[in-house]
Amino acid sequence: MKAFELIHPQTVAEATRLLAEGGYDAARPMGGGQDLLGTMKDYILTPDRVVDLKRIPGLSRIAYDPAQGLSLGALVTITEVEEHPGIRRHFAALAEAASSIASIQIRNVGTVGGNLCQRPRCWYYRNEHIVCLKKGGSKCYAAPDSAENKYNAILGGGPSYIVHPSDLAPVLMAFSAVLTIAGPGGKARKLPIAEFFTLPGEGSVTRENVLQPGEIVTEVFVPASPLASRSTYLKFREKNSLDWALSSVAMALETDGGVVREARVVLGGVAPIPWRAKAAEDALRGQPLSESAIRAAAEASTEGAKPLSQNGYKVPLTHALVRRAAQVLAAGPRPAFGGGEGGIA
Ligand SMILES: Cc1cc2nc3c(=O)[nH]c(=O)nc-3n(C[C@H](O)[C@H](O)[C@H](O)COP(=O)(O)OP(=O)(O)OC[C@H]3O[C@@H](n4cnc5c(N)ncnc54)[C@H](O)[C@@H]3O)c2cc1C
Ligand code: SF4
């Protein structure tokens, strides 16, 4: 690992100033360090300065108000999300997603902010000897005709085909979460999470979100909504011990007299951003949760998919997850998430 300066600021203002002084790649914020330190050990990221956010008071707070919603400080750990009684009861999909992440040890240390901002797992990106497009090179080694792209994107890809690795992100997108982003000079802005992540073909191919130099996520706010109380997160992974999603679905439904009034279907593990499957939502909206409506939504969930040479399996896999998620929610209002019984398909 390259030598670096480690600083422990006491305020958000100090942290953002220290980060802005360094520039985007030369100074990186650190939450739990579970991803950042790994990328530094492998020389994927080589910052001169690491700004540890953990000593800043107030960023570890969870607050739940039934009328307003749920506020999560950026330093709230994934375990705290998984175990919080209010989240388990009122935002079951969020607790399910948290429980599906990595191992207990990683969840105890990894933070909400770090989970949303973690870097891609594409194995070409993670190989220190390969300089692909995302690292400033000229070629994507997972391109459509490559021999090794089974874990890459089927939706929204090009010129990079990463999939976004966060399990919290699809659920937070389904719940229309709003992020607070603090920047240098005391600036702060609120941003719907749907505008936070960037496709490689739209923003810079070397980044995954809109954060500017010196900016950090300080809070994730989930507004109170009937959608949250009838929600689930299903994830399929290759290794049952711990693994990122090959495909996942966050689904939230608001029903009225057995008919779907509003639907959110957001896919994980299949696109460079959490992917809102609007055609699946349209297939559910205004329909009773019958098998035919569920089947139509499942088929529609991958509309526009362009599988690469090795990852066509993600299409039927995603259909199965969407179908199962809708069947779970069709069974009626969800009991509080009890841990262990959800999350993994
Ligand atoms: C073996 C293993 C398995 C895993 N499996 C999963 C999985 O299945 N699902 C899943 O979702 N995740 C998985 N993870 C990722 C894990 O959840 C993340 O490493 C963790 O959430 C990152 O959180 P952190 O606080 O440690 O982030 P850090 O490592 O501290 O930071 C990660 C990145 O985000 C930036 N960052 C951190 N905090 C902020 C902030 N507040 N604002 C702006 N930028 C910030 C850092 O600069 C860095 O680039 C796995 C990790 C490992 C090591
Ligand atoms: S998908 Fe992205 S990270 Fe992976 S090789 Fe292609 S450019 Fe690099």
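Colleague: Why does the length of H12 agree with its number of residues?

Modeller: In this predicted model, helix H12 covers residues 314-330, and its 17 residues should span 24 Å at 1.5 Å a residue, which agrees because its end C-alpha atoms are 24 Å apart. The expected span is 1.5 Å times one less than the number of residues, and helices (H or I, at least four residues) and strands (E, at least two) are DSSP runs numbered from the N terminus.

Colleague: And how were things counted, what are the ground rules?

Modeller: Residues are numbered from 1 along each chain as its sequence is written, while chains are lettered from A and ligands numbered from 1 in the order in which they are written. As this is a predicted model, local features need pLDDT of at least 70 and side-chain atom pairs count only at pLDDT 80 or more, whereas totals for chains, interfaces and linings use all residues, and side-chain values use heavy atoms, with hydrogens and water left out.

Colleague: Which residues of H12 are buried?

Modeller: They include Lys314, Val315, Leu317, His319, Leu321 and Leu329, where buried means under 20% relative accessible area, exposed over 50% and partly exposed in between, with a 1.4 Å probe and protein chains only.

Colleague: What covers them?

Modeller: The cover includes strands S9 (231-236), S10 (247-256) and S11 (259-268), together with helix H11 (291-300), contact being heavy atoms within 4.5 Å. Just after H12, Gly332 takes a positive phi of about 125°.

Colleague: Switching topic, which residues are closest to ligand 2?

Modeller: The closest are Cys122, Cys132, Cys140, Ser160 and Tyr161, out of 13 residues that surround ligand 2, a residue being near if one of its heavy atoms lies within 4 Å. That shell divides into 10 nonpolar, 2 polar and 1 charged, where Ala, Val, Leu, Ile, Met, Phe, Trp, Tyr, Cys and Pro count as nonpolar, Asp, Glu, Lys and Arg as charged, and the others, Gly among them, as polar.

Colleague: Ala102, then: is it buried or exposed?

Modeller: Ala102 counts as buried because its relative accessibility is 19%, and this residue has a positive phi of about 45° although it is not a glycine.
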